[in-house]
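Open your viewer and get ready to select residues. We will go stop by stop.

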Amino acid sequence: MDRPDIAKAERSSTARKETFSLRVYSFSAYSTAAMVVSFIPLYFLDRGFSEQQIGIIYSTGPFISIFANIILGMASDKYRTIKKLLMLLLFGQLVMISLLFPIENFALVCLVMMGFYFFQTPINPLSDSLLLLSSQYTGTPYALIRIFGSLGFAVTAYTFGLILKEIGSQWTLPLALSTIAITLLLTTRIKDYQGSARKIDFSGFFKLLRQRDVLLFFLIILTISIPHRMYEGFLAVTMRQMGASDSLVGLAWLVSAMSEIPILFLLGKYGHKFKELPLLMIASIMYAVRLWLLSDIQDPRWVIATQAMHSVSFGIYFSTALRYLSHLIPDEFRASGQAVYAVVWTGLAGVISGMFGGYVYEHFGRETFFRMGAGFAIVAAAAFLARYYFSRTDRL
């Protein structure tokens with residue numbers, strides 16, 4: 001074997017090892033996300049907090065994420081590191097969860113959880129930036145690494161649900177600490193990928209956000225993010241009103257997470273062959289169908305079927321939107337762009353769906369609530385189609 005072949009083999013071996021490290025990290029990081037979404041609310045419920053108090057605790061998440069994502073995204077671009085910030089955020093999560101053990105006062109719990117969300121909400125956009133940048137060096141598409149995040153969420157939601165059923169919800173925080181600590185250790189094994197190293201002019205980033213194409217993209221993203229957050233935020237409430245048991249609700253989360261895996265695999269292999277905007281239109285239409293069906297379903301077992309549609313709606317949308325965003329925003333602004341995306345996807349959409357959507361759900365009922373969400377999704381589908389049409393016209 002000659003020297004070029006030896007160098008190529010070494011690069012290939014290094015790329016495989018790094019891809020493995022990123023996949024294991026992604027699996028562990030989303031295990032913590034499963035704990036936050038599925039089991040920590042039940043922990044507070046068993047601690048004696050009311051449903052309204054739990055709602056207040058969790059409403060702080062989307063709000064604080066707006067500031068956390070922008071601050072951490074810009075810090076990543078300025079100091080040219082993602083890995084170190086991930087380690088800082090995970091350490092902060094460990095501290096915040098540890099502080100929860102002795103606290104009984106509701107106001108203090110809210111304060112600690114706000115701190116926890118500050119450290120937790122930027123994890124996903126920063127991780128996505130790292131995975132997207134890593135693909136240039138490892139040759140592994142983003143979706144084929146992110147798929148292990150979905151697997152981690154699904155396995156944790158199901159396995160930890162069975163464990164906590166046997167040992168009691170008082171073990172929720174120790175289990176959460178274990179997933180965070182493992183993720184922190186795994187972070188030390190990954191590389192700190194970055195975009196181009198030229199000096200960053202942040203005035204250029206803000207000018208970028210004022211560009212028509214970028215601004216319209218984020219506006220459409222907000223339009224489709226609202227129905228996603230409506231579905232996610234009120235799924236358990238809806239199923240409980242239908243008479244579903246906690247185990248059936250857990251099964252619904254398992255099905256949705258597992259359904260992402262095949263579509264992310266296919267997108268990783270063949271997604272580059274398709275235009276992003278038509279794919280985003282298809283995902284939006286599926287969101288509309290999904291929410292409309294939920295407005296009519298009376299048997300909670302049929303909700304499981306709509307959760308399987310998560311593969312086409314969220315699976316296509318999330319991976320494809322990130323790919324399209326990478327075309328709009330240069331590498332040197334990648335983390336800041338991901339932060340703005342997270343602010344729209346998690347923060348603004350979460351606040352709107354939680355406050356306005358909650359009002360509609362309470363005063364006008366489930367049918368009106370989900371049909372309104374379906375309407376948002378149809379508007380987003382039409383907007384993606386219009387952007388595709390006009391982008392083709394501009395090139396002619």
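Is Asp 299 buried, partly exposed or exposed? Select Asp 299 to begin. Its relative accessibility is 22%, so Asp 299 counts as partly exposed. Keep in mind that this is a predicted model.

**Stop 1: salt bridges**

The side chains of Asp 299 and Arg 301 meet in a salt bridge, 2.8 Å from N to O. Arg 301 is exposed, with a relative accessible area of 60%. The whole structure has four salt bridges.

Select Arg 323 and Glu 276 next. They form a salt bridge, and their closest N and O atoms are 3.2 Å apart. Arg 323 sits in helix 13 (residues 310-328), and Glu 276 sits in helix 11 (residues 276-296), so the pair ties together parts that are 47 residues apart in sequence. Arg 323 is partly exposed at 22% relative accessibility. Glu 276 is buried, with a relative accessible area of 10%.

Move to Glu 104 and Arg 47. Here the closest N and O atoms of the salt bridge are 3.6 Å apart. Glu 104 lies in the loop between helix 3 and helix 4 (106-120), while Arg 47 lies in the loop between helix 1 and helix 2 (51-79), so this pair links parts 57 residues apart in sequence. Glu 104 counts as exposed, at 56% relative accessibility. Arg 47 is partly exposed, with a relative accessible area of 22%.

**Stop 2: buried side chains**

Select Phe 44 in helix 1. Phe 44 counts as buried, at 1% relative accessibility. Phe 44 and Ile 57 are 13 residues apart in sequence, and their C-alpha atoms are 9.5 Å apart in space.

Go on to Leu 177, in helix 7 (residues 172-187). Buried means under 20%. Leu 177 has 18% relative accessibility, so it counts as buried. Now show Met 96. Leu 177 and Met 96 are 81 residues apart in sequence but 9.8 Å apart in space, C-alpha to C-alpha.

**Stop 3: the largest cavity**

How many cavities of 30 Å³ or more does the structure hold? There are four. The largest has about 60 Å³ of space. Select its lining: Ala 29, Thr 32, Leu 90, Gln 93, Gln 120, Ile 123, Asn 124 and Thr 183. Helix 1 (3-46), helix 3 (83-100) and helix 5 (123-138) each give two or more residues to this lining. Color the lining by type: three residues are nonpolar, five are polar and none is charged.

**Stop 4: a surface patch**

Finish with Phe 265, Leu 266, Tyr 270 and Phe 274. These residues make a nonpolar surface patch of about 410 Å². Leu 266 lies in helix 10 (residues 246-270). Leu 266 is partly exposed, with a relative accessible area of 43%.

Notes
Residues numbered from 1 in each chain as written. Predicted model: local features only at pLDDT ≥ 70, side-chain atom pairs only at ≥ 80, totals over all residues. Heavy atoms only, no water. 1 Å grid on protein atoms, 1.4 Å probe; cavity = no way out; pocket = protein on both sides within 12 Å on 5 of 7 lines; lining within 4 Å. Points joined across faces, edges and corners; volume = space filled by probe spheres on them. Helix = DSSP H or I, 4+ residues; strand = E, 2+ residues; numbered from the N terminus. Nonpolar A, V, L, I, M, F, W, Y, C, P; charged D, E, K, R; others polar. Patch = residues over 30% accessible without salt bridge, like charges linked within 9 Å, V, L, I, M, F, W, Y side chains within 5 Å. Areas by Shrake-Rupley, 256 points an atom, 1.4 Å probe, with all protein chains shown as cover. Buried < 20%, exposed > 50% of the residue type's maximum accessible area, 1.4 Å probe, protein only.
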